[in-house]
Amino acid sequence: MVTTQSFVDEDILKRVPRWRDYLAAKVGFRNHWYPIKLSRDIEEGQVVQTMLCGENILLKRIDGKVYGLKNRCLHRGVRLSEKIECYTKNTITCWYHGFTYKWQSGEVCDIIAVPDSKAIGKRKIKTYPVTEAKGVIFVFIGDEGYDPPPLADDVPPTFLDDDMTIFGHSYPVKSNWRVGAENGFDGIHVYIHRESPLVANTSRSLPLGHLTTSDAYKIVDEAPGPKGVYDDFSKHTSFYEGKVEGRVVVRGTKNPDGKPRRTAGASLWLPCALRVDGFPDGELTQFEWYVPVTEDTHLYLITLGKRCQTDEERTQFEHEFWNRWKPVSLEGFNNQDIMAREASQAFYGNDRAWLEEGLIEEDLLIVRWRELCHRHNRGLQLPEHLW
Amino acid sequence: MVTTQSFVDEDILKRVPRWRDYLAAKVGFRNHWYPIKLSRDIEEGQVVQTMLCGENILLKRIDGKVYGLKNRCLHRGVRLSEKIECYTKNTITCWYHGFTYKWQSGEVCDIIAVPDSKAIGKRKIKTYPVTEAKGVIFVFIGDEGYDPPPLADDVPPTFLDDDMTIFGHSYPVKSNWRVGAENGFDGIHVYIHRESPLVANTSRSLPLGHLTTSDAYKIVDEAPGPKGVYDDFSKHTSFYEGKVEGRVVVRGTKNPDGKPRRTAGASLWLPCALRVDGFPDGELTQFEWYVPVTEDTHLYLITLGKRCQTDEERTQFEHEFWNRWKPVSLEGFNNQDIMAREASQAFYGNDRAWLEEGLIEEDLLIVRWRELCHRHNRGLQLPEHLW
Amino acid sequence: MVTTQSFVDEDILKRVPRWRDYLAAKVGFRNHWYPIKLSRDIEEGQVVQTMLCGENILLKRIDGKVYGLKNRCLHRGVRLSEKIECYTKNTITCWYHGFTYKWQSGEVCDIIAVPDSKAIGKRKIKTYPVTEAKGVIFVFIGDEGYDPPPLADDVPPTFLDDDMTIFGHSYPVKSNWRVGAENGFDGIHVYIHRESPLVANTSRSLPLGHLTTSDAYKIVDEAPGPKGVYDDFSKHTSFYEGKVEGRVVVRGTKNPDGKPRRTAGASLWLPCALRVDGFPDGELTQFEWYVPVTEDTHLYLITLGKRCQTDEERTQFEHEFWNRWKPVSLEGFNNQDIMAREASQAFYGNDRAWLEEGLIEEDLLIVRWRELCHRHNRGLQLPEHLW
């Protein structure tokens, strides 16, 4: 293997010793679980091509379970997806020379053009561990022989709770995944949401900015379990009047009945998930992921969770998700974030930007997140893993 | 700052010691004045985004005066122009977190989402000196703390004369600025203009080529004042018959009344301006600029000057500029230069080209220009200045 | 000359010592003859622009003979083809300053804008040896002063035989030339052709795969004469049943009358030609070239040869070529190869791919071909030759 050390120049990396690995993680961390599709996106027998952390992957659902294979024939390197040939339920055949692989093991079980080849039964293509939970398909991007930890270690707490009902949708975004994560967790970017339809649709408060305090946030990094940074909004200072040169020029929205009906807190979790408590409305929780795809794109997978005890509650929530929250919040509120991330990418797409940004004290939690990632990631996705 | 030494490889630069800095000046020289817009392009209160020598700049006219700011928020690096928010006459607010800057000083005077931030009043964004003359807006691309010289040092002599009336227009060109400058000053490229509508429109002569002589040109580089190379066409040898294999195959145009009614001279001035005396007609002077924008584009800003003593003369000249010279000369003659420059860029866009070109003796003044630039530029625009 | 050592990183090249030069030959080998056009593509007096092994070339037919010139003026590097000016039969004039070149010698014979220049008669542009045979125009890409060998050394045996009548057509392909050559010679890729219209159109057999044996192939590399690898299909083992998990899932085509009416053999020749004996039908021979154009494109020039003794036979074959073989075989069969090559390019376009491919024993002849190229090429096309 001809190895490139890193995507990012070592001279730049050594300038940020406390979060070096985060800066180096241009296409994500290795040996973590990532959501890649919603379960409804892959039906029984369907073969779906996707890219995760720069790796080309084929997924197929067989007897209900989803399997993942590297989308590259080991013989001449062509994409199996160029022309999909599945002669049997459990195999996929390369269109070029007929190399046939088992979905379950990646093993070459037949070669149509060379039926007696010694390669049969000996060589194999990389397989990807896949699991499903809450209607979401998760893939493990890992090293050969690395034993995947439980999914629970890589998703925000409460997501897997039995009574948590989840619905979601995903959006492609033209920015690096880290730009996505930092935008989501950023306490002062709320300024861009002041004209969101969500504000009028709910009777929530929405300040122009809110600042964390030293007793509001908490680093969660005891082993085992998920690693994250939690920020309790109830202890924040919020601002509702925006002044320029001493004059109020823009106002936030205050709940008309006077109660501070607003988001309760936000937390960011390895490898790339945000949980927002009490959002988009009091009894809901938003779980969203910034899934690395390429250096300059990520999949923005948004889910809403609600604790439901009965089928009726679940049906009611499903209806509400599709008819209220998807248009008003996922698309009316979070699309403003997509615009901000894509605009930020022009800057952060240049590695030097991370040295020349001008963070202020109120960006403290962003820095804590970077440091947490540096300490607790399970490996770096490197150029040699990619193609 | 992680510094890239130069746009051009040092191995190539050291091959041309007499004009090294010129070859290195891929996006122009630093600490010079450049025209960037015509005054009519920015109205009172209007915010205009532009790029000059690779730097993203925002311009606004306030109470008649134009101010320039770096088009990048110092916080998270986004372009202010992504969504322009000007709450007060003298400020611009970043759409992302509400960082608000004074146009006059670049100072952060407010942050909407963080009204009490310590950054307020302490940090500032880069400002650009701007001046206007003869209906043209000039911006100074300079180092922090570099005191701009008078505009007169960076424009061709006579341009600023009191009775010189100027009208102009600008065109984007897909070539490096140096390819533009050399095309304009080149005494033998006149061959491409033999079928220009300008020739029929005026009763001028237009040879197929004309060669300078040692007593025809002059290097102007006494300090202070503008630095340039002047070429007196009256001392040139001109050719009106083009021969191939001994046979005349193409002819230039000779003024029918026998008088040598033609361009009187041309001169090229730092940082990037050409003056053509007696062009496009006897009593006119063309002043034109090849303003660096990116590595492979420049702004071709063409102006015509005429000495006018009365308002009537000025009005008459204005009418003539728009109705005669713009279509017939700026677009009928100089568009042929644009085609030639864009065709040359395929070659000169490769840095090695400058070592492999085959200049001939008649290109002497091009070389003198390169040497002059090397000796008298006030600094190099480098990669670290750009983004 | 600022020299880049190679297109391919030395660390990668040294990993394949037995075929290093082949891996390095990204845009082909130097000092070889290449077909570039069919004779019918250039009529008397016509000037045609083309690219071969990354070099920009102009061709013109003068009094029946084709001449080749570098398509770059030696003065300012512009393409002569930007605006072609040919004032006399034997010359071409650069549109920019009137540099005029003799097609036969490349010599500057006149400069329209500088009639007395010392460069006239002294300087010259590169010329390319051109020859024609069998209705195909061949150009020699060679070093200054390298004496071209006979064309016969660079084409497959029998192509130049007196009674061999040739017709052909060419297709642009978006893959490197080596991917083309290996696809053509590959004995097991026949799997992709199982649904070609050619199979139904002829009464030929077409297995799903066929394997060479140690006594079936022959390395031809005695000096002088063409160098190649010959594979005799009559000694191959062929497979007509494709099995997956023990079940026949796809079948090849067996000649219904039981006779093995099929391709007799294939051979691959330096610099980039394949001969297929008995293809697309018994009495025909296919000669095809994978002509390097750029790093990731080649010209796929396909010709069919048939031994004809009379004009009537030739006319009959010409009719058959255009009305049967071109649609059914060149386009019905070989277009499947084009798809496979373009799909392979995504992999082999990355130099590391050549170290990470997974060739199997049955790819032995591909490796022999690489080694032959390494031993017998006459030079490498390098970055410095290209522009």
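1. A salt bridge here is a side-chain nitrogen of Lys or Arg within 4 Å of a carboxyl oxygen of Asp or Glu. By that rule C:Glu245 forms a salt bridge with A:Lys102, with the closest N and O atoms 2.8 Å apart. A:Glu245 forms a salt bridge with B:Lys102, and there the closest N and O atoms are 2.8 Å apart.

2. On conventions: this is a predicted model, in which local features need pLDDT of at least 70, side-chain atom pairs count only at pLDDT 80 or more, and totals for chains, interfaces and linings use all residues. Residues are numbered from 1 along each chain as its sequence is written, chains are lettered from A and ligands numbered from 1 in the order in which they are written, and side-chain values use heavy atoms, with hydrogens and water left out.

3. Symmetry. Copies are superposed by least squares on the C-alpha atoms of residues with pLDDT of at least 70 in both.

4. For chain B, the superposition on chain A has an RMSD of 0.0 Å, with a turn of 120° and a shift of 0.1 Å along the axis. In chain B, the C-alpha nearest the axis is that of B:Asp9, at 11 Å.

5. Interface of chains C and A, extent. Contact (heavy atoms within 4.5 Å) takes 42 residues from chain C and 38 residues from chain A. Buried area is the accessible area (1.4 Å probe) that two parts lose on being put together, summed over both. For this pair it is about 3,300 Å², of which carbon and sulfur atoms give 56%. On the chain C side, C:Tyr191, C:Glu245 and C:Arg352 lose the most area to chain A, together 19% of what that side buries.

6. Interface of chains C and A, polar part and make-up. There are six salt bridges between the two chains. Also counted are 17 residue pairs in polar contact (both at pLDDT 80 or more); such a contact is a pair of N or O atoms within 3.5 Å, where within protein one must be able to donate a hydrogen and the other to accept it, and residues adjacent in sequence count only if both atoms are side-chain atoms. Elements of chain C that each supply at least two residues to this side include helix H3 (177–185), strand E16 (241–244) and helix H6 (334–348). Helices (H or I, at least four residues) and strands (E, at least two) are DSSP runs, numbered from the N terminus. The largest share, six residues, comes from H6(C).

7. Interface of chains B and A. Here 38 residues of chain B are in contact with 42 residues of chain A. The buried area is about 3,300 Å², with 56% from carbon and sulfur atoms. The rule finds six salt bridges across this interface, and 17 residue pairs are in polar contact (both at pLDDT 80 or more). Strand E5 (91–93), strand E6 (99–102) and strand E7 (108–111) of chain B are the elements giving two or more residues to the side that touches chain A. E6(B) gives the most, with three residues.
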